[in-house]
Amino acid sequence: MTSLKNDRYLNALLRKPVDMTPVWMMRQAGRYLPEYKATRAEAGDFMSLCRNADLACEVTLQPLRRYALDAAILFSDILTIPDAMGLGLSFGAGEGPKFARPIECQADIDNLPIPDPEQELQYVMNAVRTIRRELKGEVPLIGFSGSPWTLATYMVEGGSSKAFTKIKKMLYAEPHLLHALLDKLAESVILYLNAQIKAGAQAVMVFDTWGGVLAHRDYREFSLRYMHKIVDGLIRENEGRQVPVTLFTKGGGLWLEAIAETGCDAIGLDWTVDIADARRRVGHKVALQGNMDPSVLYADPARIEQEVQQILADFGAGSGHVFNLGHGIHQDVPTESPKVLVDAIHRFSQAYHQ
Ligand code: CP3
């Protein structure tokens, strides 16, 4: 077993005792940090930053230099898989992602290749290897992917969407097409995450950002079913340690029991969920990650600390909680706020781990 100086995050995911509640922040590397903006400018555009292992490593480590975070997350994006499938990803200045060749018909799906992670996505694996080396065992490294459903929304809509009309049309008018696409994506995600684990990721997380826009039966059929396949296909032990899997469906609070049934180790919660209630429902089966509203980071330190104390009290005593935001950090929060957050979590949580 390679040595790890801080294993709080991994232990909490496995519901093993910890001295204090671990914390990391979704999108912890990003534009709220001036040093991120500088490195991104040096790289040129966002995908060039992702493709450069040294610069991707640099931005992964930036938030850890400022804050006492208990985990690092690979700097990359969920849209690397559709890009590697040939859809032509670009990020226009100040805009969301765009695909030059979105998925429209059966032939588009039949022609999609399943990317080889050590070929078309080798730049991601190189970033994982570089980051693991540079972390020097300080904290564990989280690998990640999008869920098949969430990736499919971008691939069919051609970019970000508010109404999801194209993919919902496919879902109701030609469900077999959508299933064929989701099958290919699930297979690709399994290969991709297993390659990240082999390259050094010590835990993995699946982001199902858009699962919450599905009708409740459709959620099981078009999103959860494919995340279940992924959980079943993942390497769960590496380097003599368990590799925990976290599933995060934004807006998934109604479906926690079903998510826990997949055999994942932890469920990510957005801020609409009462974490006390979530623990009563699924805390005997899985750990919970979350769930502060990212907008709390706009408030003054006293208000941030109050929110931390409330969430810690709601979860209650014992292990099984990884503190996080309920979604990604906003790009215009003061850089002092995450410091207040992280320090408060570590300070106030010790009383719950006696
Ligand atoms: O958390 C981290 O620090 C690791 C890096 C990370 C990024 N994207 C970097 C990024 C992670 C884990 C993601 C996941 C991701 N990407 C998701 C799932 C999580 C979520 O937020 O719901 C989604 C839906 C995407 C797709 C995506 N990538 C969009 C919609 C955008 C544009 C929106 C925006 O914030 O500009 C991106 C670009 C992106 N990915 C940025 C970063 C730091 C911003 C790019 C920039 O520097 O301008």
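Ala, Val, Leu, Ile, Met, Phe, Trp, Tyr, Cys and Pro count as nonpolar, Asp, Glu, Lys and Arg as charged, and the others, Gly among them, as polar. On this basis the shell around the ligand holds 11 nonpolar, six polar and four charged residues. A29, G30, F207, T209 and G328 come nearest among the 21 residues around the ligand, a residue being near a molecule if its C-beta atom, placed from the backbone, lies within 6 Å of it. The model is predicted: local features need pLDDT of at least 70, side-chain atom pairs count only at pLDDT 80 or more, and totals for chains, interfaces and linings use all residues. Residues are numbered from 1 along each chain as its sequence is written.

Seven strands form an open sheet with parallel pairing, in the order β1-β4-β5-β8-β9-β10-β11. Strands (E, at least two residues) and helices (H or I, at least four) are DSSP runs numbered from the N terminus, and two strands pair if DSSP finds at least two bridges between them. β1 (72–73) and β11 (321–325) are the edge strands, each with a single partner, so one side of each has no neighbour in the sheet. Five bridges join β4 (residues 141–146) to β5 (residues 203–208) in the parallel sense; G146 has F207 of β5 as its bridge partner. Helix α11 (residues 216–233) packs on the sheet, touching β5 and β8 (245–249), and its direction makes about 165 degrees with that of β5. Contact requires C-beta atoms, placed from the backbone, within 7 Å; axes are lines fitted to C-alpha atoms, for helices over the stretch in contact, with angles from 0 to 180 degrees between N-to-C directions.

Methods
Two residues are in contact if their C-beta atoms, placed from the backbone, lie within 7 Å.
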